[in-house]
Amino acid sequence: MDQLLYASEVFINGLMTGVMYSLVALGFVLIYKASGVFNYAQGVMALFAALTLVGIMNGQVPFAHLINAMFGTHLDKFGWTVPAVLAIVLTAGVMVLLAILIEKLVLKHLVGQEPIILFMATIGLAYFLEGLGDVMWGADIKTLDVGLPQGISDTVEQLTDSWFGYGFFIDRLDIWATIIAALLVTALVAFAQYTKQGRAMRAVADDHQAALSVGISLQFIWIMVWSIAGFVALVAGIMWGTKSGVQFSLSLIALKALPVLMLGGFTSIPGAIVGGLIIGVGEKMFEFWIGPMVGGATENWFAYVLALIFLVFRPQGLFGERIIERV
Amino acid sequence: MKLKFASLVAGAVMAAAPAMADLIVPNLSYRTGPYGANGTQYADGFNDYFTLLNERDGGIGGEKIQVPECETAYNTEKGVECYEATKEGALVFNPLSTGITYQLIPKVSVDKKVLYTPGYGRTSAKDGAVFEWVFNAPANYWDGASVAIKYLLDQNGGDLNGKKVALVYHNSAYGKEPIRTLQELGKKHGFTLTEIPVEAPGQEQKSQWLQIRRDKPDYVLMWGWGVMNQVAIQEAANIRFPMENFIGIWWAGSELDVLPAGDGANGYKSLTFNGVGMDYPLYDDLKTHVIDPGKASQGGEHVGSAVYSRGMYAAVVIAEAIRKAQELSGTSAISPEQLRDGFEQLDITPERLVEIGLPDFGPEIKLSCANHGGSGMARLQQWDAAAKKWNLITEFTEPDAEVLAPLIAEDAAAYTAENNITPRACD
């Protein structure tokens, strides 16, 4: 009985973790869907967004290290702090600016190139952003507190204790992540289905050439999609950064999104969510049941094994578009 | 114009290349990558102490110290590249990475360079008969494990029978280092050990901490590095694990590790073999000669932090070994062989630490041909979240030599067998 209760707790926590993975995977899906680009820089965008958010909140002078080294000044902070909500809005603005720059300086010059070239460009972008974030805001680990609660949910613990005699652990941050992810996905789906820009985005996703022929601006759509992906990266950065502090490792959360994408498909928003949930639950349950027999630390590799198993049966992923090529 | 250009080029070349008579101590640092936040602070402390010696004393024994820095990004291949790039004329290396250390151990034996790995690297390098060129004083991972268990014994009236200890560790050569020691100590003192690996980098540890919540160990020890530490401390706070029963190795004991968890980290403990904070006379000199004139590494923003202090302490030990080597050889421009001899005759007494301006900053270090690891003494510090500072809570404590000595002998013997080495005579 105890094992069943423990397994249930692990299952629920797996779902919650899966939501956190989905948040990262969503950014990849948006860009891939609209432009066919696998954005290697998505993880670094989350890092850059979170660094910028903390920097704005703390009133940190950007490029202070560089300025101090060049001019012998001692700049550090402006002396003010910015409320979290305003800082999030300002950071979203920075991510839009970044999207515009990416479109103008990188993507525009690569229109019509092979997807692998665009992919390589995003690798370059990832390293550039990593360095830019470092130079702008410094390499220290930064505490991020936008007011999201953390720690065990007493309500859940007491309720489950009264029902089963064992209080379940659920992190309040995970509950908030679930709520925010649900809102985000609803907003994204509504945007894609019911707005003119959303329909244009879907048209571009379906066929670039056809979309261009009916007057849709590819340039605008790309900026829009990269901006939205930047905002999604900001949300992912907030969630993961709240947990571990904002630091370079945040960019590595992209690795957690890859099996989610393989499983859910690169072109489906629901796929990113369902894929995340399956990976989250799968890796946690495997670690719970099998981990102790094989020395533990199975989660990283098992997520990929799980994704590969799905790939064998559905190469396009669970919700991906089936590619049919007629000769 | 041409002459001016040529002299500029010559000047630049001369500035870039260390003068041949200088003492060259490369700093294989990492300021980028997942571990860059820690690496930066360590490198700053290491650089600043040598800058202080150059600025205040004109170097050591009249020789200036050059500290060429090379970025390893905590990557083993890059670390080896950095070693190759900086080894010309270099005396000693301190790469701050167990992975890089393992790769450099055979190389330094061939190149005859000193490898100094305080608190990390290969534990059995303590055996100087086998590892002629490697030093790991004042303490190694096995010392750390033993000192932590000694502390728990103190807390439990000398009896750990029936207690449950969980080890949360970075699933790497580094993280696995204390397992054997803790198993042996478990047999000796009657506690059960649960090993809980965390896959690098350690951003997600829900499974591990759910397991700890279910198993309810009395104590959790942690061998972590980088983001693993911050997440573990946050998760421990999330499940309301009593922080005073959570002890990290010294690499899980920096401000960077505890600050993100805020008040939740209050009471967390870690091992350390160096002092923390700025309440030492040396910092007055550092301020006068390095920080105020704007010569501090990275502007001096990390001065006094736990990892900065450790980097500075590594530089202190190297500087003292250089001093001893100069004294033994009667020359100021020493060779790596002479530095090795200096290390082997090193005797940093409490009185000497007072002279340096760091009273009680580290344990006494007395090395020999056979003993490259010192006494292995370490102490504990505890985090005060309100004051945002570490407080030292124990004196330096010796590890359990009865358990450790055979383990070191066994591991050193395995190394000699694998590498077909004949240990030198150290009598």
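This is a predicted model: local features need pLDDT of at least 70, side-chain atom pairs count only at pLDDT 80 or more; totals for chains, interfaces and linings use all residues.

Q: How many helices and strands make up the secondary structure of chain A?

A: Chain A has 13 helices and zero strands. Read from the N terminus, its elements are therefore written α-α-α-α-α-α-α-α-α-α-α-α-α.

Q: How does the radius of gyration of chain A sit beside the globule rule?

A: The radius of gyration of chain A is 21 Å, close to the 20 Å that the rule gives for 327 residues, so the chain is as compact as a globular protein of that length. Along its principal axes, the C-alpha trace of this chain spans about 65 × 60 × 40 Å. Of the 327 residues, 49% count as buried. Among contacts in chain A with a separation of 6 or more, 73% come from residues 24 or more positions apart.

Q: What should I look at in a single helix?

A: Begin with the general geometry. An α-helix has 3.6 residues a turn, so residues three or four places apart point the same way. Now take helix α2 of chain A, residues 42-57. Its 16 residues reach 22 Å from the first C-alpha to the last, close to the 22 Å expected at 1.5 Å a residue.

Q: Is α2(A) enclosed or open, and what follows this helix?

A: In α2(A), 16 of the 16 residues are buried, so the helix is largely enclosed by the rest of the structure. After α2(A) comes A:Gly59, with a positive phi near 65 degrees.

Q: How many residues of chain A are in contact with chain B?

A: On the side of chain A there are 35, in contact with 35 residues of chain B. The elements of chain A that give two or more residues to this side are α1 (2-35), α10 (218-244), α12 (269-289) and α13 (299-313). The most come from α1(A), with five residues. Sorted by class, the side of chain A that touches chain B has twelve nonpolar, 14 polar and nine charged residues.

Q: What is usual for phi and for peptide bonds?

A: Most residues other than glycine have a negative phi, and most peptide bonds are trans. The peptide bond from B:Ala137 to B:Pro138 is cis, with omega near 10 degrees, and B:Pro138 sits in the loop between β7 (134-135) and α5 (141-155). Another cis bond joins B:Ala200 and B:Pro201, with omega about 5 degrees. B:Pro201 belongs to the loop between β9 (192-198) and α8 (206-215).

Q: How do the strands β12, β15 and β16 of chain B pair?

A: Four bridges join β12 (residues 269-272) to β15 (residues 379-384), and these strands run antiparallel. One pair to find is B:Ser270 with its bridge partner B:Gln381. Four bridges also join β15(B) to β16 (residues 389-392), again antiparallel. There, B:Asp384 stands opposite B:Lys389. The hairpin of β15(B) and β16(B) has four residues between the strands, and in this hairpin B:Lys388 takes a positive phi near 55 degrees.

Terms used. Residues are numbered from 1 along each chain as its sequence is written. Chains are lettered from A and ligands numbered from 1 in the order in which they are written. Two residues are in contact if their C-beta atoms, placed from the backbone, lie within 7 Å. Ala, Val, Leu, Ile, Met, Phe, Trp, Tyr, Cys and Pro count as nonpolar, Asp, Glu, Lys and Arg as charged, and the others, Gly among them, as polar. The expected span of a helix is 1.5 Å times one less than its number of residues. A residue is buried if 20 or more other C-beta atoms lie within 10 Å of its own, exposed if 12 or fewer, and partly exposed in between; C-beta atoms are placed from the backbone. The radius of gyration is taken over C-alpha atoms; the globule rule is 2.2 Å times the number of residues to the power 0.38. Two strands pair if DSSP finds at least two bridges between them.
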